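Before reading on, please look over the sequence and the structure shown here, and then follow the paragraphs from the sheet to the helices and the ligand.

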Amino acid sequence: MNLNEYDYIIVAFSGGKDSTACFLDLLDNGVDKEKIELWHHLIDGAPGSDPFMDWPITEDYCREFAKEFNVPIYFSWRDGGFEQEMLRDNSPTGKVFWENPDGTIDSSGGKGPDGTRRKFPQVSADLRVRWCSAYLKIDVMSAAINNQERFKGKKTLVVTGERAGESKSRSNYNTFENHRCHGKLRTVHHWRPIHDWTEKQVWEIMEKHRIMAHPAYWLGWGRLSCITCIFGNANQWASAAELYPAMVEKIAKYEEEFGFTIKQGVSVRELVEKGTPYEGVTYLVEAWIEERQLIRSRGGWTLPSGAYGESNGPT
Ligand code: SF4
């Protein structure tokens, strides 16, 4: 594949190890950094919004990462984020907003049709019921590509970090295909450069570039998802409850209000009760960041405690 033929290379950047590995692999392949941009979809809405599902520190981590490598990062989000989408009651899904390279913000959509959710996304590989991935990430990216003039008549490569080893459904993904935004007006390809990588290879490239992984990995998570991801296991819910009790309490209250739990047959309160928080999770994450806010270690490099650990997350 000739990466030089693309005008734009967009890395869907969650801040997690796999999207980081994609970015580092592009650098290792000598891709012109001028063409690379990181895109991060904010799960809880506009930058700086109160966290509802996502790690309150992820936005900053992504900003710092982009700064460290001197590449642009553009945030995009659905109006009101996860909570507003979940609370739809005979109302349309929110507008999609995105940041442009000149610093302006544009939006599209928000006109309907009306719909009602009033329940959490369900744990499933089916994106119609696991609506968070579709409505807060996939559709947001598509709206941001389809509505920016700069992509018209150009060749764009979207890079994402799914690996076959993560799940059966991900093993069936194509490594290379036309992106859903591809068409007569714009060429958009989708590449999964680390699709056949092992987790070991991912950590190796992190080590090679001395990347200090997102604090979630140091606290014990094997994967960076939302802190209260619907796929989270009991230990992760118990850890989340120690770190951000108000977030977990709010979710538990919605479960009671809706009469639907996130996980079938077990409530968030029961999961917290059943789980054992990861060791050391009582550290305040903010304090941790203040002490070790480096993106790239200046000295040695060690594997975070979450590596090869509990990797519950979207499949
Ligand atoms: S990380 Fe989990 S909760 Fe967050 S959007 Fe993805 S599947 Fe949904």
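An open sheet of 8 strands, with mixed pairing, runs in the order β6-β5-β3-β2-β1-β8-β10-β9, where strands are DSSP runs of E with at least two residues, numbered from the N terminus, and two strands pair if DSSP finds at least two bridges between them. At the edges stand β6 (105-108) and β9 (176-178), each with a single partner strand, so one side of each is left without a neighbour in the sheet. This is a predicted model, in which local features need pLDDT of at least 70 and side-chain atom pairs count only at pLDDT 80 or more, whereas totals for chains, interfaces and linings use all residues. Residues are numbered from 1 along each chain as its sequence is written, and side-chain values use heavy atoms, with hydrogens and water left out.

Within the sheet, strand β1 (residues 8-12) and strand β8 (residues 155-159) run parallel and are joined by 4 bridges, and Tyr8 stands opposite Thr156 in β8. Helix α4 (residues 131-146) packs on the sheet and touches β1, β2, β3, β5 (96-99), β6, β8 and β10 (187-191), contact meaning heavy atoms within 4.5 Å.

Elsewhere, Lys17, Asp18, Thr20, Ala21, Leu24, Asp25 and Asp28 in α1 meet Glu199, Val202, Trp203, Ile205, Met206 and Lys208 in α6. By class, this contact of α1 with α6 has 6 nonpolar, 1 polar and 6 charged residues, with Ala, Val, Leu, Ile, Met, Phe, Trp, Tyr, Cys and Pro counted as nonpolar, Asp, Glu, Lys and Arg as charged, and the others, Gly among them, as polar.

Finally, the ligand is surrounded by 11 residues, the closest being Cys132, Lys137, Cys226, Cys229 and Ile230, where a residue is near a molecule if one of its heavy atoms lies within 4 Å of it.

Conventions:
Axes fitted to C-alpha atoms, helices over the stretch in contact; angles between N-to-C directions.
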